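This report describes the fold of one protein, beginning with a single residue and widening to the sheet and its helices. Please keep the sequence and the structure in view while reading.

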Amino acid sequence: MTETVRSVARSLHLLATLNRNNGASLNWLAKTTGLSRGTTYRMLETFIAEGYAVKDLANRGYWLTDHVRGLSDGYAATGWITTVAKPLLDALGHNVVWPLSLCIPSGTDMVVKMTTDLDTPLTMELISAGLRMPMVTSAAGRTYLAFCPAAERELLLDLIQLASQTASTLSADDVKTLLDTLAEIRRSGYATVEGTHRVSNLSVPVFAGGNIIACIVLRFYTSAKTLSEAVAAYAGPLKNTAKDIGIRYSSEHLPTEPLGAQPS
């Protein structure tokens, strides 16, 4: 391990120790972490200089600031995908065989956060986390638009229309047709998009605390299954897994809030 890496490891160890024992003294932190008093002092002073800690002059203890919360913002937003969603999607993938993905909204797009593409021989076109898809044309996007709060949906559609004015891709008639499609998705609890080439998609919403938090998408060969056949075979298992993800997410991340009503 290089000196630079050791320095980072020691800093993280000190930060974690202080996080568990906020208000600890310099001597106690040095003894507990095994760092020298001088090293501990310099690291703490660095934390203070960067806004991550303050020193209580009255009792000579060190306290972390709210600035530390910023270190977990990215994980707090999507860390549950690895711990909550992935095991359940992996299990579902073994049963349905077709590739699955979990998508969340980002602006007027949907972003793939995880896939089972590498775990199935039926992956037709390998996709990876980070792929962005338009809300209007993708199954995941239509699912999100159908089940997000009405005010959010209205705002998203306004933004999509503004963005499409130059390209003239979303007319008033298109919006009306889309709204009818979204109403049908709400009634059925899923969205389908038939591929223009060889791949079609089936998507269901994931709810937690009464709000949609993600969408599960199953991709399949258009030549292997019609949309109705895919719905008959896979909509039920997808909805069950989405419900399980929502329940587990709510129990671990929304402990004081009841799980919202699920569509049938």
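## A residue of strand β3

P105 is in contact with M110, M135 and Y144, leaving aside its neighbours within four places in sequence; contact means heavy atoms within 4.5 Å. The model is predicted: local features need pLDDT of at least 70 and side-chain atom pairs count only at pLDDT 80 or more, whereas totals for chains, interfaces and linings use all residues. Residues are numbered from 1 along each chain as its sequence is written, and side-chain values use heavy atoms, with hydrogens and water left out.

P105 belongs to strand β3. Helices (H or I, at least four residues) and strands (E, at least two) are DSSP runs, numbered from the N terminus. With a relative accessible area of 28%, P105 is partly exposed. Here buried means under 20% relative accessible area, exposed means over 50%, and partly exposed lies in between (1.4 Å probe, protein chains only). P105 and M133 are 28 residues apart along the chain, and their C-alpha atoms are separated by 9.5 Å.

## The protein as a whole

The protein has 8 helices and 8 strands. Of its 264 residues, 40% are buried. Among contacts between residues at least 6 apart in sequence, 55% join residues at least 24 apart.

## The sheet

Strands of a sheet pair through backbone hydrogen bonds, either parallel or antiparallel. In this protein, an open sheet of 6 strands has the order β5-β4-β3-β8-β7-β6, with antiparallel pairing. Its edge strands, β5 (132-134) and β6 (191-193), each pair on one side only. From one strand to the next, the twist averages 30°; angles run from 0 to 180 degrees between N-to-C directions, and axes are lines fitted to C-alpha atoms, for helices over the stretch in contact. Two strands count as paired if DSSP finds at least two bridges between them.

| Strand pair | Bridges | A bridge in the pair |
|---|---|---|
| β3 and β4 | 6 bridges | S106 with D109 |
| β7 and β8 | 10 bridges | S200 with F220 |

A hairpin of 5 residues connects β6 to β7. The hairpin of β7 and β8 has 2 residues between the strands, and there G209 takes a positive phi near 60°. Strand β7 is largely enclosed by the rest of the structure, because 10 of its 10 residues are buried.

V97 lies in the loop between α4 (73-96) and β3. Most residues other than glycine have a negative phi. V97, a residue other than glycine, has a positive phi near 70°. Its relative accessibility of 33% makes V97 partly exposed.

## Helices on the sheet

Helix α5 lies across β3, β4, β5, β6, β7 (199-208) and β8, and runs at about 35° to β7. Helix α8 (residues 227-253) also packs on the sheet, where it touches β3, β6, β7 and β8, and its direction makes about 30° with that of β7.

How are α5 and α7 placed relative to each other? Two packed helices are described by the angle between their axes and the distance between the axes. Helix α5 (residues 139-147) and helix α7 (residues 172-188) pack at about 80°, with axes 9 Å apart. They are therefore roughly perpendicular to each other, a term for angles of 65 to 115 degrees; under 35 counts as roughly parallel, over 145 as roughly antiparallel and the rest as oblique. In α5, R142, T143, L145, A146 and F147 meet L178, T181, L182, I185 and R186 of α7. By class, this contact has 6 nonpolar, 2 polar and 2 charged residues. Ala, Val, Leu, Ile, Met, Phe, Trp, Tyr, Cys and Pro count as nonpolar, Asp, Glu, Lys and Arg as charged, and the others, Gly among them, as polar.

## An arginine in strand β8

Not counting residues up to four places away in sequence, R219 touches a number of residues, including W98, T123, I127 and V199.
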